[in-house]
Amino acid sequence: MSLDLITDTGLVVIIRGTKKEELLPVVDALREGGVKVIEVTCNTPGALEMIGELRNKFGNELSVGAGTVLDRETARLAILAGAQFLISPHLSREVVELGNLYGKAVIPGIMTPTEIAQALQWGVKMVKVFPAAALGAKYFTDVLGPLAQTQLMAVGGVNIANTGDFLQAGATALGIGSDLVNKEVARRGSYREITAKARQYLKIITEVRQKIVQ
């Protein structure tokens, strides 16, 4: 399951605004760096075609999902294109219900304990705390006090410098976008840079998790 893979690896890489011709080289670079989960945002031109292309190219090697899913129709189209999970910037009951209907994990964006509680009631297993950097790592520690059963993904402003803080505060996973893949890096063809940074993120995740266990 995609959610299990997200939990296991702790990293979802967000593809936003990448040109179609740059997609495969970028994803190949991420895969070389150890990345297993890719999110293509639905506000990226050609997003549905990109999702289908990645599913056909990498099969079961990568888990590919759709991000910035704002409504039921977008969710349905993304699933038909091959999306294995759905991520939203907000909490939408219609998106959650459609994901449940098709057996696809939905990770909605939340900002308050009330939204977390509502998402859990609808059957959501993991929520996206967004924007994470604006709320700060301590928010994760605080909210997990009364809601310890919740899996939190930190998204928005997460980078190499603060990755460890969010993990130590209780984040199950991280959603990384422009700090790892952005238009400038893709335009330059700096694919080795992408691979090296992906490895750096995964190394930090592994090391912090080991410290937490100890």
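**Entry 1: a β-α-β unit.** What handedness does the β-α-β unit made by β8, helix α9 and β9 have? I found that strand β8, helix α9 (residues 160-168) and β9 make a right-handed unit, where right-handed means that, with the strands pointing away from the viewer, the path from the first strand over the helix to the second runs clockwise. I took helices (H or I, at least four residues) and strands (E, at least two) as DSSP runs, numbered from the N terminus.

**Entry 2: ground rules.** I note that this is a predicted model, in which local features need pLDDT of at least 70 and side-chain atom pairs count only at pLDDT 80 or more, while totals for chains, interfaces and linings use all residues. Residues are numbered from 1 along each chain as its sequence is written, and side-chain values use heavy atoms, with hydrogens and water left out.

**Entry 3: around β8.** I looked up the burial of strand β8 (residues 151-155) and found four of its five residues buried, so the strand is largely enclosed by the rest of the structure; buried means under 20% relative accessible area, exposed over 50%, and partly exposed in between, with a 1.4 Å probe and protein chains only. I then followed its pairing, counting two strands as paired if DSSP finds at least two bridges between them. Strand β7 (residues 126-129) runs parallel to β8 and is joined to it by four bridges, with Val 129 opposite Ala 154 of β8. Strand β9 (residues 173-176) also pairs with β8 in the parallel sense, over three bridges, and here Val 155 has Gly 175 in β9 as its bridge partner.

**Entry 4: from β9 to β1.** I went on from β9 to β1, and found the two running parallel and joined by three bridges, with Ile 176 in β9 as the bridge partner of Val 13. Strand β1 is mostly covered, since five of its five residues are buried. Leu 11, Val 13 and Ile 15 point one way from β1, Val 12 and Ile 14 point the other way, and all are buried.

**Entry 5: β2 and its two neighbours.** Which strands did I find beside β2? Strand β1 (residues 11-15) pairs with β2 in the parallel sense over three bridges, and strand β3 (residues 63-67) runs parallel to β2, joined to it by five bridges.

**Entry 6: α2 against α3.** For the helices I used axes that are lines fitted to C-alpha atoms, over the stretch in contact, with angles from 0 to 180 degrees between N-to-C directions. Helix α2 (residues 20-32) packs against helix α3 (residues 47-58) at an angle of about 45 degrees, with the axes 11 Å apart. That makes α2 oblique to α3, because angles under 35 degrees count as roughly parallel, over 145 as roughly antiparallel, 65 to 115 as roughly perpendicular and the rest as oblique. The contacts of α2, meaning heavy atoms within 4.5 Å, include Leu 23, Leu 24 and Val 27, among the residues that meet a group in α3 including Met 50, Leu 54 and Phe 58.

**Entry 7: α4 against α5.** Helix α4 (residues 72-81) and helix α5 (residues 93-102) pack at about 30 degrees, with their axes 8 Å apart, and are therefore roughly parallel to each other. Arg 72, Ala 75, Arg 76 and Ile 79 in α4 meet Glu 94, Val 95, Leu 98 and Tyr 102 in α5.

Entry 8: Is Ala 75 buried or exposed? At 0% relative accessibility, Ala 75 counts as buried, and, leaving aside neighbours within four places in sequence, Ala 75 is in contact with Val 69, Leu 86, Val 95 and Leu 98. Leu 77, also found in helix α4, counts as partly exposed at 35% relative accessibility.
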